[in-house]
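Please find my notes on this model below, as numbered points.

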Amino acid sequence: MFGTESSLSMFLNTLTPKFYVALTGTSSLISGLILIFEWWYFRKYGTSFIEQVSVSHLRPLLGGVDNSSPNNSNTSNGDTDSNRQSVSECKVWRNPLNLFRGAEYNRYTWVTGREPLTYYDMNLSAQDHQTFFTCDSDHLRPADAIMQKAWRERNPQARITAAHEALDLEDCATAYILLAEEEATTIVEAEKLFKQALKVGESGYRRSQQLQHHGAQYEAQHRRDTNVLVYIKRRLAMCSRKLGRTREAVKMMRDLMKEFPLLSMFNIHENLLESLLELQNYADVQAVLAKYDDISLPKSATICYTAALLKARAVSDKFSPEAASRRGLSTAEMNAVEAIHRAVEFNPHVPKYLLEMKSLILPPEHILKRGDSEAIAYAFFHLQHWKRVEGALNLLHCTWEGTFRMIPYPLEKGHLFYPYPVCTETADRELLPMFHEVSVYPKKELPFFILFTAGLCSFTAMLALLTHQFPELMGVFAKAFLSTLFAPLNFIMEKVESILPSSLWHQLTRI
């Protein structure tokens with residue numbers, strides 16, 4: 001035992017101050033590199049790399065419980081409903097106001113050199129096109145067979161070439177749609193192509209309408225022709241809106257909603273709301289809201305924030321926060337504030353874009369309800385309508401942050417809506433381009449491992465500095481620390497030596 005203590009003491013005495021400087025400096029460097037990597041990973045993916053690896057790989061090895069195992073399937077009804085709601089709220093929806101690829105998205109790329117659409121977003125659009133514009137009987141018609149393959153092509157030029165090949169065979173509505181969306185470089189060109197598509201689409205729709213009851217194949221073809229016709233008319237209305245013929249666009253949208261009332265998947269009422277706001281026809285906007293702002297229908301930022309804008313319009317021109325704090329809020333002002341709080345609770349990302357605290361980008365082709373992508377799509381088209389109403393943005397600026405005082409924290413349950421889903425950040429990062437900083441709600445606290453590595457890096461850097469400045473003193477402290485650290489081990493060794501026979505202990509030390 002004495003030999004062990006003497007060898008330890010001799011080892012500590014041989015360590016020079018340079019060793020301690022190198023040790024602490026190396027530790028500080030390594031922990032600093034880990035800190036930088038952890039911070040980068042957290043900023044990009046919203047989670048700690050060490051924590052993710054621990055949960056995904058180490059926990060099962062240590063006998064952790066897998067949440068997806070059948071043993072844990074007996075959850076309460078409340079949890080099941082909450083999970084089901086979270087999944088439904090994280091569904092990605094087609095943006096009803098999506099731009100034209102050739103005339104708008106590609107022009108942005110030509111000017112800036114940046115891609116406004118992500119591969120995930122364009123892949124979702126390709127799936128939508130295959131769902132809306134193809135059916136099982138397309139192989140019976142040569143042009144439709146070519147277009148069925150064209151919608152699956154990843155290369156834009158290959159899609160355009162295939163559309164021209166289909167038109168060389170016969171007039172094809174979906175080929176005109178593809179050229180209008182992707183080849184036309186202006187809205188005027190796109191409108192001409194959509195008008196050609198409308199002629200072909202209407203004749204195909206009437207033909208399939210007469211045959212739809214002759215079998216499942218004809219019924220599927222009629223469903224496809226209906227989707228094609230609705231899509232063409234809606235895009236023609238959007239062309240009219242973009243070219244300044246707003247009243248004509250409103251009439252086309254109203255006729256379309258009257259002709260096909262059951263096709264709510266296109267959300268044409270949101271296009272109608274935006275056009276009516278452009279005409280400042282607030283009475284008709286209120287009538288549309290009365291029909292679609294219903295508890296049984298899925299909400300959207302357009303519905304909630306348009307309702308807030310109408311209520312703010314009644315009081316915003318005379319609203320003053322100083323006067324309101326002295327006399328209190330009137331009934332109309334209270335209604336406006338409550339409508340703003342309702343809208344902010346549904347999508348808390350929108351106000352920063354409306355108040356121009358965060359820069360806008362081109363909206364994606366798909367949006368996530370209550371997410372940053374929906375906020376961008378709404379603000380991109382509706383910011384001008386808020387600016388047109390005098391004092392509306394001032395009222396929003398004074399009141400929107402008060403919403404967060406009413407929402408329970410942490411977000412186990414909401415106030416007026418379901419709890420804010422936790423999946424929005426991940427989906428928005430897939431939908432929005434890399435150069436955009438995704439808005440995150442609620443703000444995530446820094447993971448433990450980032451704080452730990454930051455503290456470790458700072459502590460070792462301080463030790464390295466002190467060792468370099470005061471080598472002798474720090475050497476004494478290091479020896480004292482190591483001696484204290486090994487004291488319990490020495491105590492245990494002494495006890496073991498006193499208990500075991502000397503001959504056995506001698507054999508063990510030799511081994």
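1. The largest cavity has a volume of about 80 Å³. A cavity is a set of points, on a 1 Å grid over the protein atoms alone, where a 1.4 Å probe fits but cannot get out; the volume is the space filled by probe spheres set on the points, which are joined across faces, edges and corners. Searching the whole structure gives four cavities of 30 Å³ or more.

2. This is a predicted model, in which local features need pLDDT of at least 70 and side-chain atom pairs pLDDT 80 or more, while totals for chains, interfaces and linings use all residues. Residues are numbered from 1 along each chain as its sequence is written, and side-chain values use heavy atoms, without hydrogens and water.

3. Residues lining the largest cavity (an atom within 4 Å of a point) include Glu-270, Thr-302 and His-382. Helix α19 supplies the largest share of this lining, four residues. Helices are DSSP runs of H or I, at least four residues, numbered from the N terminus.

4. Ser-125 lies in helix α6 (residues 119-133). Its relative accessibility is 0%, so Ser-125 counts as buried (under 20% relative accessible area, 1.4 Å probe, protein chains only). Beyond four places in sequence, Ser-125 touches Arg-94, Arg-101, Glu-365 and His-366 (heavy atoms within 4.5 Å).

5. Helix α11 (residues 216-242) has 27 residues. Of these 27 residues, 20 are buried, so α11 is largely enclosed by the rest of the structure. Just after α11, Gly-244 has a positive phi of about 90 degrees.

Key
Helix = DSSP H or I, 4+ residues; strand = E, 2+ residues; numbered from the N terminus. Buried < 20%, exposed > 50% of the residue type's maximum accessible area, 1.4 Å probe, protein only. Expected span 1.5 Å × (residues − 1). 1 Å grid on protein atoms, 1.4 Å probe; cavity = no way out; pocket = protein on both sides within 12 Å on 5 of 7 lines; lining within 4 Å.
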